[in-house]
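Me: I am new to this structure and would like to go through it with you. Could you take my questions one at a time?
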Amino acid sequence: MRSRRQMRSLSARPFLKWAGGKGQLLATLMPRLPADLGSGSVRRYVEPFLGGGAVFFAVAEAYSPEESFLFDVNRELVLTYRAVQQDVERLIEELRALETAYLPLSDDERRGFYYGLRDRFNRAEGSTESTPVSRAAEFLFLNRTCFNGLFRVNSRGRFNVPPGRYQNPRILDEENLRAVSGLLARVTIRQGDFTESLPVVDEQTFIYIDPPYRPLSTTAKFTSYACDAFTDADQIRLAEFCRKADAAGARFMLSNSDPRNTDPDDSFFDDLYSGFSISRVSARRAINRNPDGRGSLTEIVVTNF
């Protein structure tokens with residue numbers, strides 16, 4: 001078995017597919033980070049909306065902050081990160097068993113396997129029917145085999161994404177999982193609303209904020225990561241959070257959709273973050289029902305530095 005030091009020496013990368021993940025924007029976001037992030041005056045990294053964690057992985061590998069605090073309201077997501085952090089070898093064993101059972105099946109058999117596991121995953125939510133590691137393995141299996149890697153739940157909190165059509169999905173990537181486990185060894189991972197991260201924020205903190213994006217149209221809002229949608233009222237709460245973080249001396253960077261893609265007169269975010277720096281950067285829609293809708297657009301990046 002590898003030591004923690006050996007695991008940490010491997011290059012860790014996001015292990016989940018995630019709608020809105022920032023992998024494609026890293027080249028744009030990384031040069032915009034605070035200039036003193038690697039100097040020691042910024043020693044703590046905080047991310048209130050963890051998701052796929054692309055920015056966290058990039059910052060952790062490039063700057064190795066002394067402390068990192070990762071938050072997300074999604075219980076299953078947090079459980080899975082903790083399983084990778086605390087019991088990666090058992091998680092690898094369970095994923096290997098799922099991969100071995102699934103890959104040799106025909107397309108019809110795969111659909112049956114997928115729906116059976118999805119039903120079990122939904123049935124066991126909030127119960128003791130499965131262990132945390134087993135549940136994390138099921139979550140990762142669904143993430144790797146469902147349509148577009150979406151995490152979407154219905155009004156009852158049930159995961160309801162259909163299977164994808166992948167010939168050879170990589171359900172188990174054990175080398176990366178071990179690398180991620182090493183990277184997470186000294187990280188604090190908590191479930192909760194973004195406001196719960198405020199007590200760990202001070203003048204030595206950098207916060208990257210990637211909330212559920214404000215929909216650009218009534219048809220754009222086709223995913224929900226928890227039972228409760230992230231509304232305009234939540235976007236306003238988030239802006240208040242940013243002002244409190246700013247008052248505490250922290251530096252922050254926030255990403256969100258740009259309403260002006262569809263309405264040039266929509267100044268929702270420009271008004272909400274008045275007084276901060278607002279940039280518009282080119283992005284590419286990674287997940288969309290209609291392939292024709294996966295084109296270039298702009299997103300906003302808000303900073304207080």
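Reply: What follows is a short exchange about a predicted model.

Me: How much of the chain counts as buried?
Reply: Of its 305 residues, 50% count as buried.

Me: And what about contacts between residues at least 6 apart in sequence?
Reply: Among those contacts, 76% join residues at least 24 apart.

Me: Let us turn to helices. At what angle do H4 and H7 pack?
Reply: Helix H4, residues 75-86, and helix H7, residues 132-145, pack at about 110°, and their axes are 9 Å apart.

Me: Why are H4 and H7 called roughly perpendicular?
Reply: Angles from 65 to 115 degrees count as roughly perpendicular, and the angle between H4 and H7 is about 110°. The two helices are therefore roughly perpendicular to each other.

Me: Is the crossing left-handed or right-handed?
Reply: The crossing of H4 and H7 is left-handed.

Me: Which residues meet there?
Reply: H4 contributes Arg75, Glu76, Leu77, Leu79, Thr80 and Ala83, which meet Pro132, Arg135, Ala136, Phe139 and Leu140 of H7. By type, the residues of this contact divide into seven nonpolar, one polar and three charged.

Me: Changing topic, how many disulfides are there?
Reply: The count comes to zero disulfides.

Me: Are cysteine 146 and cysteine 242 buried or exposed?
Reply: Buried means under 20% relative accessible area. Cysteine 146 has 0% relative accessibility, so cysteine 146 counts as buried. Cysteine 242 is buried as well, with a relative accessible area of 0%.

Terms used
Residues are numbered from 1 along each chain as its sequence is written. This is a predicted model: local features need pLDDT of at least 70, side-chain atom pairs count only at pLDDT 80 or more; totals for chains, interfaces and linings use all residues. Side-chain values use heavy atoms; hydrogens and water are left out. A disulfide is a pair of cysteine sulfur atoms within 2.5 Å. Buried means under 20% relative accessible area, exposed over 50%, partly exposed in between (1.4 Å probe, protein chains only). Axes are lines fitted to C-alpha atoms, for helices over the stretch in contact, and angles run from 0 to 180 degrees between N-to-C directions. Helices (H or I, at least four residues) and strands (E, at least two) are DSSP runs, numbered from the N terminus. Angles under 35 degrees count as roughly parallel, over 145 as roughly antiparallel, 65 to 115 as roughly perpendicular and the rest as oblique. A crossing is left-handed if the near helix is turned anticlockwise from the far one by less than a right angle, and right-handed if clockwise. Contact means heavy atoms within 4.5 Å. Ala, Val, Leu, Ile, Met, Phe, Trp, Tyr, Cys and Pro count as nonpolar, Asp, Glu, Lys and Arg as charged, and the others, Gly among them, as polar.
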